[in-house]
Amino acid sequence: LWRGNSAAVARDVPYAAILFCTFSVYEEALEVSRDRPSSVGSRLLAGSAAGATATCLTYPLDVIRARLAAESISSPVRLGYAQGVGELFKQGGPGAFFNGLRPTLLGIVPYSGLSFAAFETIKTWMRTRGATTDALVERELNGLERFAAGAAAGAFAQTLTYPLTVVRRRMQVH
């Protein structure tokens, strides 16, 4: 059940680090450029830009991971990560590491934007629900509330963008 986990972690750790770091940078830049606090639109743009940035910087790792996973299913011989990189380079040169990037970006830009926009908007709604406009007090959310907001945002974004994920995986593997 854990076969291929190291390749997934090798991609997911830098991806998540870049995604969350750049979201904050992009959101802050949009706030400064518009001279007002974040809105659903700025969260959508910042999330989309963060997703595109993280994807472009880690995409070769995703292709290698997908190829190793596909080869372990179709072949009794299991390649290691370094061997997989070498084989991919031999088969298609440097461009092979970016097969499917375009549909991936077409999927991740709306997914990431929708996910961040929904998550931050749901959190804001949860913090301010029940407060009057005269005394708008934002409270800190507990872990369960943050979990629920994240689950709802992820389900929303994934549902809307799933067909593009299918296209991306097919292009990476073939």
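Visitor: Which residues does Thr58 touch, not counting those up to four places away in sequence?
Guide: Arg11, Pro14, Tyr15 and Ile18. Keep in mind that this is a predicted model.

Visitor: Where is Thr58 placed, and is Thr58 buried or exposed?
Guide: Thr58 sits in helix H2, residues 40-74. Thr58 counts as buried because its relative accessibility is 3%, and the cut-off is under 20%.

Visitor: What lies 2.7 Å from a polar atom of its side chain?
Guide: The backbone oxygen of Ala54.

Visitor: Back to Arg11. Which salt bridges does Arg11 form?
Guide: One is with Asp12, with the closest N and O atoms 2.7 Å apart. Another is with Asp62, at 3.8 Å.

Visitor: Which residues make up the salt-bridge network?
Guide: Arg11, Asp12, Asp62 and Arg65 are linked in it. The structure holds five salt bridges.

Visitor: New topic. How many residues are in the largest nonpolar core?
Guide: Nine, including Tyr59, Val63 and Phe97. H2 gives the most to this core, with four residues.

Visitor: What does Phe97 contact, leaving aside neighbours within four places in sequence?
Guide: Tyr59, Pro60, Val63, Ile64, Val85, Leu88 and Phe89. There is also a second, separate core of eight residues, with Tyr15 and Phe23 among them.

Methods:
Residues numbered from 1 in each chain as written. Predicted model: local features only at pLDDT ≥ 70, side-chain atom pairs only at ≥ 80, totals over all residues. Heavy atoms only, no water. Helix = DSSP H or I, 4+ residues; strand = E, 2+ residues; numbered from the N terminus. Buried < 20%, exposed > 50% of the residue type's maximum accessible area, 1.4 Å probe, protein only. Polar contact = N/O pair within 3.5 Å; in protein donor to acceptor, adjacent residues only side chain to side chain. Contact = heavy atoms within 4.5 Å. Core = buried A, V, L, I, M, F, W, Y, C linked by side-chain atoms within 4.5 Å. Salt bridge = Lys/Arg side-chain N within 4 Å of Asp/Glu carboxyl O.
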